[in-house]
Amino acid sequence: MTPQERLESLLAHNTLVVAGGVAAVGVAAAVVGCFGVLRRRALVGDAAAHATLPGIAAAFAITGRRELWVLLAGAAVSAIASLGAVTLIRRHSRTRDDAATAIVLGVSYGAGIAAISGLVARGVSGSAGLEAFLLGSTAALTLEDSLLVAVISVAVLAVVLAGLKEATLVAFDPAFAAAAGWPVGWIDAALTALTASMVVAAVPTAGAVLVTAMVVIPPAAARQWTDRLPPMLAVAGLVGFVSSLAGVVASAVVPKLATGPAVVLASSAAFLVSLGVRLLRTSRRPSGMSEP
Amino acid sequence: MMVWPMVVAAVVSAVCAVVGTMLVVRRMSLLGDAISHGVLPGIVVAVLAGGRPGGMLSTVGAVAAAMLTVWAAEAIRRRARLSEDAAAGVVFTTFFAAGVVLISLYASRVDLDPGCVLHGILELAAADTVPLLGVAVPRAVVNGLVALAVVTVFLAATWPAQLFAAFDADAARVVGVPVGFATTGLLAMTAVATVASFEAVGAVLVVAMLVVPAATAELLFRSLGRVMAAAVAIAVAAAVAGYLAAWRWNTTAAGMIAIVLGLCYLVAVLAAADGGVIPRLAGKGWLAWRVACEDVLAAAWRREEAGGNAAATPAGLLFRLAGSWLRLRGKVEGPTDRLALTDAGRGEAETIVRSHRLWEAWLGRNVELPVDHLHPPAEWVEHYLGADVRRRIEEEVGPASSDPHGREIPTERG
């Protein structure tokens, strides 16, 4: 097929619906990610992201089914288990925080790789499709799949917006929030759980290795445009929307291009443009004036 | 099963363990993760330019990409008003994505498998051999040994600076130790280790091989030299075991090696003699048991003192078990809820009550506490006072006196 034909088949197929689902994931992941970036916990989702793989492989091996909801349920269980493991290591061993994250990330990714390769080597039918979760592929997403991830995204988005006041307070001044009697620990855990949910929902699109970029790069880009949270959420959502759509289209048009890297590069481009614009704007301002 | 892939795995694991020890003690584990992702475009460009995945050109490309990753993360942190982790997250995912896209775009021209990036292909890495002293040795082994030599020489040459920077970077800077050079060099060595392991385990799993052996060794030893030696030993053992397990269950060696490393770490967390979960729990359990036994004895002694009318043996499973144990040892006798002391148990019981009342007397003299507040602290302290302390207290409160409740303090026995 020529790129022209690919583009036509893209438009003809139910791809538009799939693209809609992926775009919803991009928006919700970006919005949730803002809180991680502001709270200096941008990489909290990375361990969970790598840990989705063993869950996906286990769900497939146990049930023998490959519907997306089954696999994502497995991914959610192992993602939460990985966050629990990081917490347990921090509390009960001398290992430092950064090493704890790296250990859980590396070992769970290795377990996922071993499980998936083992299934493929045994010729289990359908197991080869699991490799799509490494770097992401939207080509195989069905209508139901994209509806599923869209529903998760909308639900997460609704929870974040409903709890905006609490989340903002904890993001900007956890010490004050604690002193004022807010359950900071629980709000904290809820934000982490929401991030983990979006990482799980975004794994089919971006793949386990790169999915963390979907909760980091759009918020980082949005940070260049504004200092206030509501506009930052909006800009991040927009960047997430555009870059996931661009990634889906690029991977559909360019042969052998996985969706994940395409989405990441699209959002990186948005980040570079945002950073460039801000640096230009601040350099024009007379010296001595502080940043907005 | 073949021997050479196992040797490849062992050699590259050793390289990673040496570099990883420094990363872990300097709290740079996640930087190691970022670099192992960030070097990918450097390797791909080098391979596109005609280099081999583990060769000289890719090493140069990888080190350059690593430096670029670190520089870009630092520049973004400063200029984009982002925290360190967010800046690193932006850079390493972008670099890794760029590397994957390059591979996809030039797939026909690149001798690189996407699978190689994600988990390495150990058998393939071992199949490419060069003759060395008449033996066909895998190129990956030679490259790995060269990398090991480079890393070792670098660390040996900068060892005082590394050691100082690892334990107090600020103090090191103040006295003029080249911390910046030591750190940059360490990051370059991380890139060298990643290139050396790239074919065998891929760019993503390197983080497990860098961090887990060192983190495990750190739980077992305190001195840096021992931690590094143990990390290398653990890494090599895990490489061999992981390769055998992968061969047995027919799956990817790199993944199995990561799993074995994870199990090693788990065992160390649970069983490390110094701070491990099991020794700590065992210590707590032993203490609770000793306290329960002593409480049973002291209760029996007090009842004896009161002529059998005082409170019963403390109730509860732990106390019942403790009572049974003491009965077995011949220290108490009689019905379970009203245990009486034997001659063998009386001395021990008396010592505990003596400790208790001495402490109450001491508190009553030296701390202005109401009399009814003296019992609870004494109830704890009675289990920890040795003969020396008891004698000192007795000297202070006066011999053969009574406690603040007016009860007699038993004299020291033996």
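This is a predicted model: local features need pLDDT of at least 70, side-chain atom pairs count only at pLDDT 80 or more; totals for chains, interfaces and linings use all residues.
Because B:Glu74 and B:Arg78 are 4 residues apart in helix α4 (residues 56–79) of chain B, about one helical turn separates them. Side chains of opposite charge can pair when their charged atoms come close. Over all chains, the count reaches 19 salt bridges.

Residues are numbered from 1 along each chain as its sequence is written, and chains are lettered from A, with ligands numbered from 1, in the order in which they are written. Local features need pLDDT of at least 70 and side-chain atom pairs count only at pLDDT 80 or more, whereas totals for chains, interfaces and linings use all residues; side-chain values use heavy atoms, with hydrogens and water left out.

Between chain A and chain B, 56 residues of chain A are in contact with 56 residues of chain B (heavy atoms within 4.5 Å). The buried area, that is, the accessible area (1.4 Å probe) lost by two parts on being put together and summed over both, is about 4,700 Å², and carbon and sulfur atoms give 67% of it. A:Arg94, A:Arg96 and A:Asp98 supply 15% of the area that chain A buries against chain B, more than any other three residues.

There are 2 salt bridges between chain A and chain B. A:Asp227 and B:Arg81 are joined through their side chains by a salt bridge of 3.0 Å, N to O. On the side of chain A that touches chain B, the elements that give two or more residues include α4 (68–92), α5 (97–121) and α13 (259–284) of chain A, helices being DSSP runs of H or I of at least four residues, and strands runs of E of at least two, numbered from the N terminus. The largest share, 16 residues, comes from α5(A).

Chain B also contains a hairpin of β1(B) and β2(B). Strand β1 (residues 129–132) and strand β2 (residues 135–138) of chain B pair in the antiparallel sense over 4 bridges, where pairing requires at least two DSSP bridges. B:Thr129 stands opposite B:Pro138, and B:Val130 has B:Val137 as its bridge partner. With 2 residues between the strands, the hairpin has B:Leu133 at a positive phi near 55 degrees.

By an automatic or database domain assignment, chain B is divided into domain 1 (3–273) and domain 2 (280–397).

Notes
A salt bridge is a side-chain nitrogen of Lys or Arg within 4 Å of a carboxyl oxygen of Asp or Glu.
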